[in-house]
Amino acid sequence: MPTTATDADVLAMVTFSPEDGRIWFNHRRMMMLDTVSFATLRDSLIRNLGMRPARALLTQVGYQSGVSDAEMLRRDWPDDYRERSRIGTRFHGLAGIAKVEPVKTDFRPDEGYFRGEFLWRHTVEDDAHIKTHGLGTDPACWMELGYATGYLSTICGQLIVFREIECRSMGSEVCRVLGRPAGEWGDVAEDLSYLGLADINARRRRSPEAAVAMPQHALASPDTPGRDVVGESAALKAATSLLGRVAPTRATVLVTGESGTGKELFARVLHAQSKRSGGPFIAINCAAIPENLIESELFGVARGGFTGAVQNRAGRFERAAGGTLFLDEIGTLSMAAQAKMLRVLQEQEVERVGATGTVKVDARIVAATNVSLREAVARGEFREDLFYRLNVFPIHLPPLRERRDDIPALITHFMRRFNALHDKSVGRLTGRAMQALLNYRFPGNIRELENLMERAVILADGDCIDLPHLISDGHTLDSSFYRFDASGMLVSDTEAARVSARPAGMEVQLEAWAEQVVDACQHGPKGQFADIEEKVLGAVMTVALERSKGNIAAAARMLGMKRHQLEYRLKAKDRPA
Ligand code: ZN
């Protein structure tokens, strides 16, 4: 797998998903903003905030974007070191911001050193500025300068400050920019104030010998390992902000959401953020416990409570004392168990099965369901009074398809975890693999993504996950999306995503095996291939018959054949050659 980004790679990073209303540039969601709207926005910033604050704001927007691009490059094309300064100019061109022409550059990646001069042609910001403000005495390519500064500072690991010494907004034909380490510029207070890094400058002046430190937010990894709920999407934020509000209280919480949306993890985070975090977190999946055991599991058993109960045993309610009790799939409780549950919630005490007295319980209840309890109430399958007891503070976890913006962060999170678990060093995904994941519907939600990633990390050879590694049995990541081809034309990439549904591992094995067969045919006696073919069929039929315990009809069904077809082949197999 090449780890150097070509022009085609950079182009292929852009994906259009019109059905989904999203455009992606590799890991980040983009939008198209026409230049007239941009000019209006920029002008109103200047009029409302004033020239300097507007300049600072746009410089910082550009800076952050440059930092993100550089971090993406470092992550996805680690070997691309010498090309990195060039690729930044490519991003600029691709984003429609400017045409960048290097005049001379001195880039020493190993030393983290950069010094260079560029020409910028037809920058979008000058167009906007000249249209609304005419020509003036100050340069106007603020966002572009911020981008170049953020990008090269991240690449070099030291602050590389860019200045525009000629600008179209000052009447020049092209814009000319110089970039060099902050220390080489002399006084950079002005530049730093636009970058919002004035504090760093103040520190530097106090200790002049100290090198200019990199701004912390420029070095921070986009996702912090160890954080529990991964994602920044608006849909997830809504849920986590509710969690933050309710966690410190004693309120009963009902977490709703489809299977695989991470309800238990959410409950654990709630517990960890609560005042009971020092107490136990006890989880029980109501659907996983047999009907006849659920009451003793929940409420405990008294000695002699039923046959075989030789000892007193505390139930989950009692074990969660001082902590949190997480009741998953609460909608599956029987009516009898629901009645007892209601009593426990009302009285705050449990009666062990077979006991005569009650025990006080002090557990905070977090219940979860993937079915609508309201509908279950309407159908008469769930007690209305219990529903209202549980529905004190409902929080809905969105399905993954409604928080696609989180998919890249989740991918990184799972990649790290499974790399550590399986001793692998997978660092990235191919463009088509990433695009397929960004467009997939994920009926199984985060759990499905987690499983896909674990499989892919195991199957990946080298450091890169490709599309075939993501295909799980019977599933294709079917989706339609559009991307740029090498000539910059937008093409549909539906076909690329529709790879065979065969498990990738099997495909690899088959290929290796086919090599051996061809070898054998080439060097073996005549009729070798027919012989091998028969043996393969025979082996498959034998396994199917073993699994069906000799039942021919069942074995035929297993193989997707008609019974008589299998019988015919079995007879042919037994016939002497
Ligand atoms: Zn300019």
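Leaving aside its neighbours within four places in sequence, which residues is Ala337 in contact with?

**Notes for every view.** This is a predicted model, in which local features need pLDDT of at least 70, side-chain atom pairs count only at pLDDT 80 or more, and totals for chains, interfaces and linings use all residues. Numbering starts from 1 along each chain as its sequence is written, and side-chain values use heavy atoms, with hydrogens and water left out.

**View 1. The whole protein chain.** The secondary structure comes to 26 helices and 20 strands. Helices (H or I, at least four residues) and strands (E, at least two) are DSSP runs, numbered from the N terminus. Of the 577 residues, 45% count as buried. Buried means under 20% relative accessible area, exposed over 50%, and partly exposed in between (1.4 Å probe, protein chains only). Among contacts with a separation of 6 or more, 67% come from residues 24 or more positions apart. Contact means heavy atoms within 4.5 Å.

**View 2. Surroundings of Ala337.** Apart from its neighbours within four places in sequence, Ala337 is in contact with Ile294, Glu295 and Phe299. Ala337 lies in helix α15. Ala337 is buried, with a relative accessible area of 0%. From Ala337 to Ile294 the C-alpha to C-alpha distance is 7.5 Å, although 43 residues separate the two in sequence.

**View 3. The zinc site.** Five residues coordinate the zinc ion at 2.0 to 2.3 Å: Asp126 (OD), Cys141 (SG), Glu164 (OE), Cys167 (SG) and Cys175 (SG). Along the chain, the donors follow the spacing D-x14-C-x22-E-x2-C-x7-C. Cys141 and Cys167 link distant parts of the chain, 26 residues apart. Cys141 sits in the loop between α5 (124-133) and α6 (142-156), and Cys167 in the loop between β6 (160-166) and β7 (175-181). Both Cys141 and Cys167 are buried. Donors are N, O and S atoms within 2.8 Å of the metal (3.2 Å for Na, K and Ca); water is not among the atoms, so sites may look incomplete.

**View 4. Helix α2 against α5.** The axes of α2 (residues 35-49) and α5 come within 9 Å and cross at roughly 60°. Axes are lines fitted to C-alpha atoms, for helices over the stretch in contact, and angles run from 0 to 180 degrees between N-to-C directions. The two helices, α2 and α5, are therefore oblique to each other. Angles under 35 degrees count as roughly parallel, over 145 as roughly antiparallel, 65 to 115 as roughly perpendicular, and the rest as oblique. From α2, the residues Thr35, Phe38, Ala39, Arg42, Asp43 and Ile46 meet Val124, Glu125, Ala128, His129, Thr132 and His133 of α5. The residues of this contact divide into 5 nonpolar, 4 polar and 3 charged. Ala, Val, Leu, Ile, Met, Phe, Trp, Tyr, Cys and Pro count as nonpolar, Asp, Glu, Lys and Arg as charged, and the others, Gly among them, as polar.

**View 5. Helix α19.** In α19 (residues 431-439), 7 of the 9 residues are buried, so the helix is largely enclosed by the rest of the structure. The buried residues are Ala433, Met434, Gln435, Ala436, Leu437, Leu438 and Asn439.

View 6. Most residues other than glycine have a negative phi. His122 has a positive phi, near 30°. His122 lies in the loop between β5 (113-121) and α5, and is exposed, with a relative accessible area of 53%. Phi of Gln348 is also positive, near 60°. Gln348 lies in the loop between α15 (335-347) and β13 (349-350), and is partly exposed at 36% relative accessible area.
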